[in-house]
Amino acid sequence: MGYRESFGRYHKNNNIYTKDFDNFWLLYPRQENKFYAFQCWNKVITKNKPEDIIRFTKFFVNKNKSTDLKFIPHASTYLNRKIFLDYENFTRIRKDTIAG
């Protein structure tokens with residue numbers, strides 16, 4: 001199921017947000033300005049897979065769980081600056097550690 005199909009199905013439930021974005025939003029620790037974050041999400045997923053963003057964000061959240069919320073960037077900043085890509089290597093390292 002493509003992005004547009006999933007958006008259309010979810011939109012019928014009177015929710016403008018996609019399921020992937022809602023999964024990201026529930027995961028992300030600093031939930032401010034959801035609508036703008038969704039606009040940033042839509043821009044970022046044109047070149048990045050939503051499931052990768054969510055997977056990398058899980059590492060971000062785990063690494064920053066003891067960080068004061070005021071030092072966590074807004075979700076829109078996190079997406080616009082592609083901070084999630086900093087955590088791409090965490091998944092590779094973890095796979096190498098488990099395999100090796």
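Helices (H or I, at least four residues) and strands (E, at least two) are DSSP runs, numbered from the N terminus. This is a predicted model, in which local features need pLDDT of at least 70, side-chain atom pairs count only at pLDDT 80 or more, and totals for chains, interfaces and linings use all residues. Residues are numbered from 1 along each chain as its sequence is written, and side-chain values use heavy atoms, with hydrogens and water left out.

**Whole chain**

Colour by secondary structure. The protein has six helices and zero strands. Read from the N terminus, the order of elements is α-α-α-α-α-α.

Now colour by accessibility. Buried means under 20% relative accessible area, exposed over 50%, and partly exposed in between (1.4 Å probe, protein chains only). Of the 100 residues, 34% count as buried.

Contact means heavy atoms within 4.5 Å. Take the contacts between residues at least 6 apart in sequence: 60% of them join residues at least 24 apart.

**The core**

A nonpolar core is a set of buried Ala, Val, Leu, Ile, Met, Phe, Trp, Tyr and Cys residues joined through side-chain atoms within 4.5 Å. Select Phe 21, Phe 24, Trp 41, Ile 53, Tyr 78 and Leu 79. These have the most contacts inside the largest nonpolar core, which has 23 residues. Which elements give two or more residues to this core? They are helix 2 (19–27), helix 3 (34–44), helix 4 (50–63) and helix 5 (75–80).

Centre on Tyr 78. Leave aside its neighbours within four places in sequence. Tyr 78 is then in contact with Phe 24, Tyr 28, Phe 56, Thr 57, Phe 60, Pro 73, Ile 83 and Phe 84.

From helix 2, Asp 20, Asn 23, Phe 24 and Leu 27 meet Pro 50, Ile 53, Ile 54, Thr 57, Lys 58 and Val 61 of helix 4. By class, this contact has six nonpolar, two polar and two charged residues. Ala, Val, Leu, Ile, Met, Phe, Trp, Tyr, Cys and Pro count as nonpolar, Asp, Glu, Lys and Arg as charged, and the others, Gly among them, as polar.

Select Cys 40, in helix 3. Is Cys 40 buried or exposed? Cys 40 is buried, with a relative accessible area of 3%. Beyond four places in sequence, Cys 40 touches Ser 76, Leu 79 and Asn 80. Draw a C-alpha to C-alpha distance from Cys 40 to Ala 75: the two are 35 residues apart in sequence and 8.6 Å apart in space.

Step to Asn 80, in helix 5. Asn 80 is partly exposed at 30% relative accessibility. Apart from neighbours within four places in sequence, Asn 80 is in contact with Tyr 36, Cys 40 and Lys 43. Asn 80 and Val 44 are 36 residues apart in sequence, yet 7.2 Å apart in space, C-alpha to C-alpha.

**Loop stops**

Go to Asn 48, in the loop between helix 3 and helix 4. Asn 48 counts as buried, at 16% relative accessibility. Its side chain reaches the backbone oxygen of Val 44 at 3.1 Å. That is a polar contact: a pair of N or O atoms within 3.5 Å; within protein, one must be able to donate a hydrogen and the other to accept it, and residues adjacent in sequence count only if both atoms are side-chain atoms. Not counting residues up to four places away in sequence, Asn 48 touches Ile 53, Lys 82, Phe 84 and Leu 85.

Follow that list to Lys 82, in the loop between helix 5 and helix 6 (88–99). Check its phi: near 55°, a positive value in a residue other than glycine. Lys 82 is partly exposed, at 37% relative accessible area.

Finish at Asn 15, in the loop between helix 1 and helix 2. A polar atom of the Asn 15 side chain lies 2.9 Å from the backbone nitrogen of Tyr 17. The Asn 15 side chain also makes a polar contact with the side chain of Asp 22 (3.2 Å).
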